[in-house]
Amino acid sequence: MIYDVIRLVDRPDLIETAAEWFHNKWGIPLEAYLESMEECLTQKSAVPQWYLAIENSQIIGGIGVIENDFHNRKDLAPNVCAVYTEEKKRNQGVAGVLLNTVCEDMNNKGISTLYLVTDHTSFYERYGWEFLCMV
């Protein structure tokens, strides 16, 4: 499988397509994605950031980094969010590549620790993530 992982800041022309894609996957209001992605494009701070895996001009996976992913522990920030791979592309390493890309990019921006709220604990451990606590 040949695909590209891109940062939204490098392809601002994809903002509406990306926001619609994430909205359709997670059911979070489209406006919330657009607002976060527009903030990302200003590049005023390291967070938020958005990333896409694209194959043949189609989004096959995506991931974001936001300040807080709907939890009360404000000290556990920033958060990886909205991790999703299209069903037909699962078990092919797309999510792992996205996670590694995010960690590397955020580390380059001076952020060495990221947090993630999930039910899929065993999935993320295979990529080096560690369980911290329940939130």
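Leaving aside neighbours within four places in sequence, with which residues is A95 in contact? Contact here means heavy atoms within 4.5 Å, and by that criterion A95 is in contact with T85 and F123. The structure is a predicted model, in which local features need pLDDT of at least 70 and side-chain atom pairs count only at pLDDT 80 or more, whereas totals for chains, interfaces and linings use all residues. Residues are numbered from 1 along each chain as its sequence is written, and side-chain values use heavy atoms, with hydrogens and water left out.

## Overall architecture

The chain contains four helices and five strands, where helices (H or I, at least four residues) and strands (E, at least two) are DSSP runs numbered from the N terminus. Followed along the sequence, these elements give the pattern β-α-α-β-β-β-α-β-α. The radius of gyration of the chain is 14 Å, close to the 14 Å that the globule rule gives for 135 residues, so the chain is as compact as a globular protein of that length; the radius is taken over C-alpha atoms, and the rule is 2.2 Å times the number of residues to the power 0.38. Along its principal axes, the C-alpha trace spans about 40 × 35 × 30 Å.

Of the contacts in the chain with a separation of 6 or more, 57% are accounted for by residues 24 or more positions apart. Buried residues make up 41% of the 135 residues, with buried meaning under 20% relative accessible area, exposed over 50%, and partly exposed in between (1.4 Å probe, protein chains only). The chain exposes about 7900 Å², of which carbon and sulfur atoms supply 46%; accessible areas come from the Shrake-Rupley method with a 1.4 Å probe, and for residues only the protein chains shown count as cover. There are 11 positive and 20 negative side chains, and the centres of the two sets lie 3 Å apart. In that count Lys and Arg are positive and Asp and Glu negative, while His and the chain ends are not counted, and the place of a charge is NZ of Lys, CZ of Arg, CG of Asp or CD of Glu.

## The aromatic cluster

Rings of Phe, Tyr and Trp (its six-membered ring) pair if their centres lie within 6.5 Å, and planes under 30 degrees apart count as stacked, over 60 as edge-to-face and the rest as tilted. By this rule the count comes to six aromatic pairs. One of them joins W21 and F22 in an edge-to-face arrangement, at 5.0 Å centre to centre and 85° between the planes. W21 has a relative accessible area of 9% and is buried, and F22 is buried as well, at 0%. W21 also forms an edge-to-face pair with Y84, at 5.8 Å centre to centre and 75° between the planes. Because W21 lies in helix α1 (residues 15-26) and Y84 in strand β4 (residues 79-85), this pair ties together parts that are 63 residues apart in sequence. Y84 is buried, as is W21. One aromatic cluster is formed by W21, F22, W26, Y33, W50 and Y84.

## Backbone features

The peptide bond from V47 to P48 is cis, with omega near 10°, and P48 is placed in the loop between α2 (30-42) and β2 (49-55). S57, although not a glycine, has a positive phi of about 65°; S57 is found in the loop between β2 and β3 (58-66) and counts as exposed at 69% relative accessibility. A82, also a residue other than glycine, has a positive phi near 55°, but A82 is found in strand β4 and is buried, with a relative accessible area of 13%.

Q92 is found in the loop between β4 and α3, and Q92 counts as partly exposed at 40% relative accessibility. Both A95 and V97 lie in helix α3 (residues 94-108). A95 counts as buried at 10% relative accessibility, whereas V97, at 32%, counts as partly exposed. Setting aside neighbours within four places in sequence, V97 is in contact with Y3 and V5. The table lists C-alpha separations for these residues.

| Residue pair | Separation along the chain | C-alpha separation |
|---|---|---|
| Q92 and K25 | 67 residues | 19 Å |
| A95 and E20 | 75 residues | 19 Å |
| V97 and L34 | 63 residues | 24 Å |
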